[in-house]
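Trainee: Could we go through this model together, taking the strands and then the pockets?

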Amino acid sequence: MDKRTIGRVDKFDFPKLDLYNIDVKIDTGAYTSAIHCSEIKEVNNTLHCTFYSKGHPNFSSDEVIFTEYTFTNVKSSNGIKENRYKIKSEVIIFGKTYKINLTLSTRDDMRFPVLIGRQFLKGKFLVDVDLQNLSHNLKA
């Protein structure tokens, strides 16, 4: 399988979350991918999520309900472990749709509402930190 080159930042579409042209940071130091979730409620074995960030105009969707979700432990760069919800979704990059696992996190004070980790990148992409917005500028 040929690996596609991706830069250190980009803009991705998350159609199942109704999020398009979203700023993402490619982070080879992170194992899992994370997405900002402004509100999370667990109701009758369903997960109700609101994806909204005041600092990112494209990062706003109606409530999304998940019937399938899990929990996972995530260790941050400062060594603190956090138990997070994990969902399965899809992402569109270079005009191609991929499945992705995303942990839900509060990233409102971060520059990027989405962090893409090694688990997703492995086997598909090479990261060139000198480049940015490759998939956004070239759709296919």
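Mentor: In this predicted model, an open sheet of 3 strands runs in the order E5-E6-E7 with antiparallel pairing, where strands are DSSP runs (E, at least two residues) numbered from the N terminus and two strands pair if DSSP finds at least two bridges between them. Residues are numbered from 1 along each chain as its sequence is written, and local features need pLDDT of at least 70.

Trainee: Which strands stand at the edges?

Mentor: Strand E5 (39-43) and strand E7 (64-66) do, each with a single partner strand, so one side of each is left without a neighbour in the sheet.

Trainee: And how many bridges join E6 and E7?

Mentor: Strand E6 (residues 46-50) pairs with E7 over 3 bridges in the antiparallel sense, and Leu47 stands opposite Phe66 in E7.

Trainee: Switching to pockets, how much space lies in the largest pocket?

Mentor: About 610 Å³, a volume being the space filled by probe spheres set on the grid points, which are joined across faces, edges and corners. A pocket is an open set of points on a 1 Å grid over the protein atoms alone, where a 1.4 Å probe fits, with protein on both sides within 12 Å along at least five of seven lines, and lining residues have an atom within 4 Å of a point.

Trainee: Which residues lie nearest its centre?

Mentor: Of the 26 residues that line the largest pocket, Asp27, Ser76, Ser77, Arg107 and Leu115 lie nearest its centre.

Trainee: What about the second largest pocket?

Mentor: The second largest pocket holds about 200 Å³ of space, and its lining includes Lys16, Ser33, Phe120 and Lys124.

Note on methods
This is a predicted model: local features need pLDDT of at least 70, side-chain atom pairs count only at pLDDT 80 or more; totals for chains, interfaces and linings use all residues. Side-chain values use heavy atoms; hydrogens and water are left out. Helices (H or I, at least four residues) and strands (E, at least two) are DSSP runs, numbered from the N terminus.
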